[in-house]
Amino acid sequence: MTTDMSSLDPRIIARGREFFASISGESPSVFNKGWWTGKVMDWSMKNEDFKIQMFRFVDVLPYLNTSESLSRHIEEYFAADDSNIPDVLKWGATKTKIGGGLVAKVLNKTIRSNIESMARQFIIGQVSKEAVKGIKKLRKDGFSFVLDLLGEATVSEVESDAYRDGYLEVLEAMQKELSKWKPLEGGNNDLDWGHAPKVNVAVKPSAFYSQSKAVDLDGTAAGMMSRIEPIYKKVMEMGGFMCIDMESLKYKDATIELYKRLRTKYPDYPHLGIVFQAYLKCVDDDVRDFLAWSREANLPVSIRLVKGAYWDYETVMAKQNGWEVPVWTHKPESDMAFERVSKMILENSDICHYACASHNIRSISAVMEMASDMNVPDERYEFQVLYGMAEPVRKGLKNVAKRVRLYCPYGDLLPGMAYLVRRLLENTANESFLKMTFADEADMDRLLENPEVTLRAQLEGKTVPPEPSEGLARFQNYPIVDFTIEDERKAYPAAIAKLRGNMGKKIPLYINGQEVETSDTLDSYNPANPDEIIGSVCQAGVGEVDRAIEGASEAYLKWRDVAPEERAEVLLKAAQYLKDNMHDLCAVQILEVGKQWDQAQGDVAEAIDFLEYYARETIRLGEPRRMGHAPGEMSQLFYQGKGVAAVIAPWNFPLAISVGMVAAAIASGCPVVYKPAGISSVIGNGLTDMWKAAGLPEGVFNYCPGRGSVMGDHLVDHPDVSVIAFTGSMEIGLRIQERAAKVQPGQQQCKKVIAEMGGKNATIIDDDADLDEAVLGVLYAAFGFQGQKCSACSRVIVLDPIYDRFIERLTEAAHSVKLGPAENPANYMGPVVDKAALENVLRYVKIAESEGKILVKREVSDDLKATGGCYAPLTIVEGITKDHRIAQEEVFGPVLSVMRAKNMDDAIDIANSTQFALTGAIYTRSPANLEQARKDFRVGNLYLNKPSVGALVERHAFGGFKMSGVGSKAGGPDYLLQFMDPRLVCENTMRRGFAPIEEGDDWLS
Ligand SMILES: Cc1cc2nc3c(=O)[nH]c(=O)nc-3n(C[C@H](O)[C@H](O)[C@H](O)COP(=O)(O)OP(=O)(O)OC[C@H]3O[C@@H](n4cnc5c(N)ncnc54)[C@H](O)[C@@H]3O)c2cc1C
């Protein structure tokens, strides 16, 4: 049976009015200003800066174990410069009459205990005994419950096991009590209300499998299932109900898949629910598909509909990654979707039980009216609200609907604080129904209005800002791949299969517009399986290098004088070629250098960014700049390309760094002789195809792979080379600088060397760091792409008080990741790039063993070893000090040194103690320590509370100093200038005492 919403609206509003009348004069306890929590909420809603500091402080509080650290953080968070701690925080302490002469210790204790009691408001108990006691009390008051165990951030399989065991423990505790619980109203068959199981738990699936990731849907669903299934079995044994909660979008598809697997495996047990989020734009399709599946499989289901708890997160992530925002962006749109999808579920009440989870009286009233209009039986729907929130709403619901279930989190205060922050944000958000109703006391008509009407009013008069009509649009980074999209997940295996059908061919050089074959070739192989040849690449000798430089020199004069806009156009066409061939280009990276899917996409995306960014930069720099303001004189500064550039590229970012250096030269007017690294020459050949597709004139780009020992010095020494752009090891970079300084016979120009030469990057872990973030951040920065990034974290410096906790979690996390070929998306770490790299890493592992104590040394399985793949062990070593070799020399592989620091000064001193200064990172929630790091942690790219890897063009313009390199930041505003010579032309515009006055002249006013 269906229902007509427009005719229902007056009834919904009338029902809402009745609801309001039934709770008139009541207010949720969180807004009660007679209590500390209410006062803090009030301040937070009035003062945005205080709100941010307060919520951040709540988040860090569980880590502040000493009174010194507690009082330092209170000072740092709340006492800006000369001001005092806000009175609201002192409230309660003054009430105890310790008053004016209050010593800091007492104040601090009061603040801590106030915040802890605020958290307790939303949490039913910290241990299972307390939880069961709390539930008993709720049941006595006539409410049923759904129990949720806090602690959803698991970084290792050990933690996921513990999370599962926590559930089993609380279920055991409930089982002992179960027989004593009388069914709620009308239940004569030991079921609440005559139809609902008394035991009800909610599970957050990602916590049950620490290796959950969107790219690996199948593995993620299987991993979640392995630990949730024992819980479900126990729930079934107790005749209970289990609901699978919905988390952030990246886990949505795996969660639905998990539900289907569980439901299909136990077809006769109907008490399994899942959550859908109305704030997602895809919610209608998802629920429709899910209901269709239920019908087709003939398996009744249960849906809890919520609006969604991660709105800010989803919006920020989408904006950061360049994705379409997946959630509705106007609040009434979420409300409309809630009503629309509720209708769809209620229309299917024969196969779908509905749990309406909202505190919004309009949304609730709409559901009530629709259900009544469609004659949905009571046992087919119920209402759910969060424990500790919206007491008037739950009371009103109980009066009218009877069937009210409270969602009750329980567990330690540590994860409890993260939950508390979510609830505080929800309650203080401007658009929150609860805030509008009980704090702002908004007009009832407005609160009960049809959201469609509200939306129309909000959109009225809003205009979209027009796109700039001239010139290129503002630079934006190419989006990071979104593996929640099924087509993306499918595209990678397909591209790899296509490549396999077409590889191993001979690849010629490309010199002055001609393909050139040589008898000397080098095979490039798959490091996961060295028998698999990706391509057989022709090798340039000195003769070919001479021809390439000759061709480039001939092209120079013409290309130098091409208008910047025209050069930019070629770069943009090249970027388009990469976009059009994204998956094929990724496949080559996955097989030739062992990049994981996301790492490969990141590399191609960065190449696109360089092209797009430098296209805009060459136009910007192409505009002559007037110097000075003197009348009678026109002085202008402008640039020209220096001459032929030799680009010597590394294998670790085989497309991105190659394209970056080559495109910068070409954008600046310098033709290029490009030497890719031997082991990534097939990827390097992609540049030939790219420039051909972009229509670059002959001679401006020359592809010259070759053996360094044969042609490397010759290329650098050549008198007609004006610029050398190099990225690679310090040894070779220094050698290039030395040789380039020597003037060769016939040389007309001093050579410019731009060299990026590596790092020994540190991450500092402060004693208040968020370890959920820090552990995963360090793991990713140290072992992503097998640690083969110049930005990789190779030293982690941990402050003494948090050392043991951090190391325990880090080592467990390192033991949890999967190792194996990069083409399998389940694997976190694959092979290093070739046999020589493997030998090098093994040599350093030996050094690590002799200098420190090995914490982790993970090898791949014997089966994988038998393939001959270049798998280096993931290694973590502790007991390292700044004098050790492993703390000073760049390894370029998966070896991480752990160093202990006494305090922040000591940590920064250790971090700065190498000859390199490339990247660095710090995890801290102390504002003062963030400031100290900004000032004293001296590296080219410093990341605060983020991993040290993953630089993006423009946003994180990249490059270091000291022995990490010479030259300005790649992907930054000064990079192209290095390929250009500035010229200045000054014209005397005065003739016989008459001078035209120009705009900008310093003329009489
Ligand atoms: C029993 C229960 C279980 C829950 N389980 C889950 C769960 O599994 N997964 C989950 O994600 N959440 C869950 N939640 C949390 C829930 O998502 C929030 O409590 C809910 O969104 C608040 O909505 P409301 O209808 O009570 O309030 P309202 O004030 O009407 O709605 C607030 C919501 O609107 C949305 N919103 C806010 N601003 C905008 C905007 N600018 N544009 C569009 N939409 C906006 C957000 O979703 C926000 O939470 C659960 C809640 C309950 C009561």
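Strands β6 (residues 352-357) and β7 (residues 381-386) run parallel and are joined by four bridges. Strands count as paired when DSSP finds at least two bridges between them. Helices (H or I, at least four residues) and strands (E, at least two) are DSSP runs, numbered from the N terminus. Tyr354 stands opposite Tyr381 in β7. This is a predicted model: local features need pLDDT of at least 70, side-chain atom pairs count only at pLDDT 80 or more, and totals for chains, interfaces and linings use all residues. Residues are numbered from 1 along each chain as its sequence is written, and side-chain values use heavy atoms, with hydrogens and water left out.

Eight strands form a closed barrel with parallel pairing, in the order β1-β2-β3-β4-β5-β6-β7-β8. From one strand to the next, the twist averages 30 degrees. Helix α8 (residues 157-178) packs on the sheet and touches β1 (144-149), β2 (200-203) and β8 (404-410). Contact means heavy atoms within 4.5 Å. The direction of α8 makes about 150 degrees with that of β1. Axes are lines fitted to C-alpha atoms, for helices over the stretch in contact, and angles run from 0 to 180 degrees between N-to-C directions. Helix α13 (residues 331-347) also packs on the sheet, touching β5 (301-306), β6 and β7. Its direction makes about 155 degrees with that of β6.

Next, a helix pair. The axes of α9 (residues 217-237) and α10 (residues 252-265) come within 9 Å and cross at roughly 50 degrees. The two are therefore oblique to each other. Angles under 35 degrees count as roughly parallel, over 145 as roughly antiparallel, 65 to 115 as roughly perpendicular and the rest as oblique. Residues of α9 in the contact include Leu217, Met224, Ile228 and Tyr232; those of α10 include Ala254, Leu258 and Leu262. By class, the α9 contact with α10 has 10 nonpolar, two polar and six charged residues. Ala, Val, Leu, Ile, Met, Phe, Trp, Tyr, Cys and Pro count as nonpolar, Asp, Glu, Lys and Arg as charged, and the others, Gly among them, as polar.

Helix α15 (residues 391-401) has buried residues, among them Pro392, Arg394 and Leu397. Buried means under 20% relative accessible area, exposed over 50%, and partly exposed in between (1.4 Å probe, protein chains only). Just after α15, Lys402 takes a positive phi of about 70 degrees.

Further along, β12 (residues 521-526) and β13 (residues 529-538) run antiparallel, joined by six bridges. A hairpin of two residues links β12 to β13.
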